Amino acid sequence: MPETLAVTLAVAHCGLKRVALVTDGRFSGASEGPCVGHVSPEAYVGGPLAVVEDGDEIEINVPNRTLNVHGVDLAKRLESFTPPEREVPPVLCGNM
């Protein structure tokens, strides 16, 4: 997973005040602002992030540790969700 320090620094230095980063990347200790990382395991098993689409308005409530998508019936979207099938390369399985 890529390290996202460059992205969080860019957001911070652009002066954006209402931005959060949701990524499959990882964070260093220098990242700042609301960041949600390593999302692929949760998405793969059919959690709410699995069915978030481009253009969805997301609210992240940091104190309550919740993520909500406005105006979207996530349960309805999840009804038709199936995890993507991906072949694991043999080198990752130890079969060299």
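1. Elements. Helices (H or I, at least four residues) and strands (E, at least two) are DSSP runs, numbered from the N terminus. By that definition the protein has four helices and four strands. Their order along the sequence is α-β-β-α-β-β-α-α.

2. Ground rules. This is a predicted model, in which local features need pLDDT of at least 70 and side-chain atom pairs count only at pLDDT 80 or more, while totals for chains, interfaces and linings use all residues. Residues are numbered from 1 along each chain as its sequence is written, and side-chain values use heavy atoms, with hydrogens and water left out.

3. Confidence. pLDDT is the predictor's confidence in each residue, from 0 to 100. The mean for the protein is 79. A value of 70 or more is reached by 86% of the residues. Among the elements, helix 3 (residues 74-79) has the highest mean, 92. Helix 4 (residues 90-93) has the lowest, 61. Where pLDDT is low, the predicted coordinates should not be read in detail.

4. Burial. Buried means under 20% relative accessible area, exposed means over 50%, and partly exposed is in between (1.4 Å probe, protein chains only). Of the 96 residues of the protein, 12% count as buried.

5. Salt bridges. Side chains of opposite charge can pair when their charged atoms come close. The rule here asks for a side-chain nitrogen of Lys or Arg within 4 Å of a carboxyl oxygen of Asp or Glu. It gives two salt bridges.

6. Arg77 with Glu53. These side chains meet in a salt bridge at 3.6 Å, N to O. Arg77 belongs to helix 3, and Glu53 to the loop between helix 2 (40-44) and strand 3 (57-61), so the pair ties together parts 24 residues apart in sequence. Glu53 is partly exposed, at 46% relative accessible area.

7. Arg77 with Asp56. What is the N to O distance in the salt bridge of Asp56 and Arg77? It is 2.7 Å. Asp56 sits in the loop between helix 2 and strand 3, and Arg77 in helix 3, so this pair links parts that are 21 residues apart in sequence. Asp56 counts as buried, with 19% relative accessibility. Shared partners join Glu53, Asp56 and Arg77 into one salt-bridge network.

8. Two strands pair if DSSP finds at least two bridges between them. Strand 3 and strand 4 (residues 66-70) run antiparallel and are joined by five bridges. The hairpin has four residues between its strands.

9. Arg65. Check the backbone here. Arg65 lies in the loop between strand 3 and strand 4. Arg65 has a positive phi of about 55°, although it is not a glycine. Is Arg65 buried or exposed? Arg65 is exposed, at 77% relative accessibility.

10. Largest pocket. The search uses a 1 Å grid over the protein atoms alone; a pocket is an open set of points with protein on both sides within 12 Å along at least five of seven lines, where a 1.4 Å probe fits, and lining residues have an atom within 4 Å of a point. Grid points are joined across faces, edges and corners, and the volume is the space filled by probe spheres set on the points. The largest pocket has a volume of about 250 Å³.

11. Pocket lining. The lining residues are Lys17, Arg18, Val19, Ala20, Val22, Pro34, Ile58, Glu59 and Ile60. Strand 3 gives the largest share, three residues. By class, six are nonpolar, none polar and three charged. Ala, Val, Leu, Ile, Met, Phe, Trp, Tyr, Cys and Pro count as nonpolar, Asp, Glu, Lys and Arg as charged, and the others, Gly among them, as polar.

12. Two loop residues. His38 lies in the loop between strand 2 (35-36) and helix 2. His38 is partly exposed, at 40% relative accessible area. Glu85 is in the loop between helix 3 and helix 4. Glu85 is exposed, at 79% relative accessible area. The C-alpha atoms of Glu85 and Tyr44, 41 residues apart along the chain, are 9.8 Å from each other.
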